[in-house]
Amino acid sequence: MSSTLESDAVAATLNRLLAAEDEQDLAAEWAAAGVDLGGDFPADMSAAELAERTKDIIMSVSRQGGRLLYLLTRAVKARTVVEFGTSFGISTLYLASAVRDNGGGRVITTELQQDKARTAKENFAAAGLDDLIDLRAGDARETLRELPGPVDLVLLDGWLDLRLPILKLVEPRLRPGSLVVIDDVDLDIGRGVYEEFRSHIDDPANGYLSITLPVHQGVQLALKLN
């Protein structure tokens, strides 16, 4: 039996977006945005300003990471998925494909930059998955305050220093057995932004069991035990 992921519309949309991402000169794109990828991340730049400066950069999971998202979402039979960091919607399409193949549900995703949000909506429609996706434009600390429950899977793929606040926002909705997927955990931006996040995940009182996989720039999986 074929999956939605392999359907012509979804495959064509993903291939187009991933090919465009491959053609980017990321170092040059980030330099134009005022960020030296070989130096420290600009601590004094707000998320909103950084989002505007990088609005044309495609930032997504890798192909391998996308297929991992699909497999994990299918494995936990997720019907309600929350994503922090839509960008142009590549990871969202992998998640929504899995939700559809699980029998239906909803992917709630959020994007700070308005132009990216509009383009992502066009990509969702082109793939034929827009009926499964609730895209909320704005600051995730506000757009994700109201969520249905229970949440089966969370993808944290937005700005690195906002991931812990977003996780804490979603945590009350996580069911036992749900998954938290954190992308790019091996990405060093020079400010130790993951130290507090890792402390939270590794604290037994918070009820997680986690492992990091060597996929692209590192994918951490955290199972909510209780």
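Predicted model: local features only at pLDDT ≥ 70, side-chain atom pairs only at ≥ 80, totals over all residues.

Biologist: What do the side chains of Arg 118 and Asp 115 form where they meet?

Modeller: They form a salt bridge, with an N to O distance of 2.2 Å. A salt bridge requires that a side-chain nitrogen of Lys or Arg be within 4 Å of a carboxyl oxygen of Asp or Glu. Lys 55 joins Asp 115 and Arg 118 in a network of salt bridges.

Biologist: How is the accessibility of Arg 118 to be classed?

Modeller: Arg 118 counts as partly exposed because its relative accessibility is 48%. Asp 115 is also classed as partly exposed, at 31%. The class lies between the buried limit, under 20%, and the exposed limit, over 50%.

Biologist: Which accessibility classes do the two partners receive?

Modeller: Arg 63 is partly exposed, since its relative accessibility is 40%. Asp 22, at 51%, counts as exposed.

Biologist: Where does Arg 100 find its salt-bridge partner?

Modeller: The side chain of Arg 100 meets that of Asp 131 at 2.5 Å, N to O. Asp 131 lies in the loop between α6 (114–127) and β3 (133–137), whereas Arg 100 belongs to helix α5 (residues 90–101), so the bridge ties together parts 31 residues apart in sequence. Asp 131 has a relative accessible area of 46% and is therefore partly exposed. Arg 100 is partly exposed as well, with 30%.

Biologist: Let us turn to a polar contact. Which residue's side chain is joined to that of Thr 4?

Modeller: The partner is Asp 101, and the polar contact spans 2.2 Å. Thr 4 itself lies in the segment before α1 (8–22).

Biologist: Is Thr 4 buried or exposed?

Modeller: Thr 4 is buried, because its relative accessible area is 13% and the class requires a value under 20%.

Biologist: Which residues is Thr 4 in contact with, leaving aside its neighbours within four places in sequence?

Modeller: They are Val 10, Ser 97, Arg 100, Asp 101 and Leu 129. Arg 100 in this list is the residue that forms the salt bridge with Asp 131.

Terms used. Residues numbered from 1 in each chain as written. Heavy atoms only, no water. Helix = DSSP H or I, 4+ residues; strand = E, 2+ residues; numbered from the N terminus. Buried < 20%, exposed > 50% of the residue type's maximum accessible area, 1.4 Å probe, protein only. Polar contact = N/O pair within 3.5 Å; in protein donor to acceptor, adjacent residues only side chain to side chain. Contact = heavy atoms within 4.5 Å.
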